[in-house]
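Trainee: Please take me through the packing of helices and strands in the model below, beginning with the conventions that I shall need.

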Amino acid sequence: MAQIPFNKPSLTGSELSNIQVAYEAGMLSGDGAFSKSCERLLEHRVGCDRALLTHSCTAALEMMALLLELGPGDEVIMPSYTFVSTANAFAMRGATPVFVDVREDTLNIDESKIEQAITSKTKAICVVHYAGVACEMDRIERIARAHGLALLEDAAQAICATYLGRPLGSIGRFGAFSFHETKNATCGEGGALLINDSADAIAAEIMREKGTDRSQFLRGAVDKYTWRSIGSSFLLGELAAAFLKAQLDHVEAITRRRLELWDIYNRQLAPLEAAGYLKRPTVPAECGHNAHMFYILLADPGARAEVITRLEESGVNAVFHYVPLHSSEAGQRLGRAADGLEVTDRVANAILRLPLWTAMTNEDAVTVSEALSAALKHYA
Ligand SMILES: *Cc1c(COP(=O)(O)O)cnc(C)c1O
């Protein structure tokens, strides 16, 4: 195994003692004390009307599709360069993902190509804040409003990130966070649905509780609980919530540490950019990012496989991701490409992601940068 893995989850302090407390409280299913305190903390941090913990970000995205009652004949605009769940959540309901190209600088959906993808069937725009850098939300909000479309945020990677000072996840009608092992704050598998319109809160609670009004019953708002609508079990278990609470309590410190490491990479790799080997990430002035990821775009995508092998030989585990959804087998069958998606295809072949986790040392980041420099120069 590489001495510097791509990712390594780490404890911030009270994860294990929280789990002990949850166990001793004797209620391990969803919506226990730690779940509630995670939700209050997220509501406070994001400024959303309600936050509901889910067992994954995928589940939160699926809830969005259910809450909007999307189905066959409906279209949802999204980038092709994203994780499969962004599309699957809607395809599962029979709706059609419509793939739009990304911007060369941020790898976020290209806001200038959204309007031409809108048809009479379009119901929603689901943006993805790639690497915790915000999409151009002012322009996208205007487009959504002008066409009467629901604006959704796949903010899986975007906890603690902002756009013009507004927390990501608070801008659309719904937002979704992921607490998967690879994300900035984690409980292994977990997520949250962020609700920004109070009118959606009760329906969301019901859908998350197997289609029942059990949440209202537990609050004393109704005197028995019954089946009210379609739904599923989207709750996060209390042991995972106990772990998550510790991470959320320290999410500012986690973000600060990640930003320090990100800045080291950014400084160390500047000469390689100047020499034409690669491009570093762009963070527009409107965006407060969370250092979710440090990626580079190789000037010569043909070098990627050998660079990864050389890095591995130096003890560094670097990875790439996202076969663009429009070019995947399911994407072609279940979705539709709105435009040529040239940028998407280009960046998907050129991207390389470097290790970034809080317990990495500054020296580790320098080691990775030097190994990358050696690998690129050797290849050239
Ligand atoms: C990680 C991720 C997801 C899925 O999150 P899970 O919690 O694993 O379901 C969805 N969308 C994006 C953009 C992601 O990065």
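Mentor: A crossing is left-handed if the near helix is turned anticlockwise from the far one by less than a right angle, and right-handed if clockwise. Helices (H or I, at least four residues) and strands (E, at least two) are DSSP runs, numbered from the N terminus. This is a predicted model, in which local features need pLDDT of at least 70 and side-chain atom pairs count only at pLDDT 80 or more, while totals for chains, interfaces and linings use all residues. Residues are numbered from 1 along each chain as its sequence is written, and side-chain values use heavy atoms, with hydrogens and water left out.

Trainee: How many residues of domain 2 are in contact with domain 1?

Mentor: The chain is divided into domain 1 (15-249) and domain 2 (251-379), with bounds that come from an automatic or database domain assignment. Their centres, taken over C-alpha atoms, are separated by 26 Å. Counting contact as heavy atoms within 4.5 Å, 47 residues of domain 1 meet residues of domain 2, and on the side of domain 2 the number is 39.

Trainee: Which residue of E4 stands opposite Glu-75?

Mentor: Strand E2 (residues 75-79) and strand E4 (residues 122-128) run parallel and are joined by three bridges. Opposite Glu-75, the residue in E4 is Thr-122.

Trainee: How many nonpolar residues does the contact of H3 with H6 have?

Mentor: H3 and helix H6 (residues 201-208) pack with axes 10 Å apart at an angle of about 120°, which makes H3 oblique to H6. H3 passes H6 in a right-handed crossing, where Met-63, Leu-66 and Leu-67 of H3 meet Ala-203, Ala-204, Met-207 and Arg-208 of H6. Ala, Val, Leu, Ile, Met, Phe, Trp, Tyr, Cys and Pro count as nonpolar, Asp, Glu, Lys and Arg as charged, and the others, Gly among them, as polar. By these classes there is one charged residue and no polar one, and the number of nonpolar residues is six.

Trainee: Are H9 and H14 roughly parallel or oblique to each other?

Mentor: Angles under 35 degrees count as roughly parallel, over 145 as roughly antiparallel, 65 to 115 as roughly perpendicular and the rest as oblique. The axes of H9 (residues 251-268) and H14 (residues 362-379) come within 9 Å and cross at roughly 30°. H9 and H14 are therefore roughly parallel.

Trainee: Which residues of H14 does H9 meet?

Mentor: The crossing of H9 with H14 is right-handed. From H9 the contact takes in Arg-257, Leu-261, Ile-264, Tyr-265 and Gln-268, and from H14 Asn-362, Ala-365, Val-366, Val-368 and Ser-369.

Trainee: Which residue of E12 stands opposite Lys-279?

Mentor: An open sheet of three strands has antiparallel pairing and the order E10-E12-E14. E10 and strand E12 (residues 294-298) pair over two bridges. Across from Lys-279, the residue in E12 is Leu-297.

Definitions and conventions
Axes fitted to C-alpha atoms, helices over the stretch in contact; angles between N-to-C directions. Pairing = 2+ DSSP bridges.
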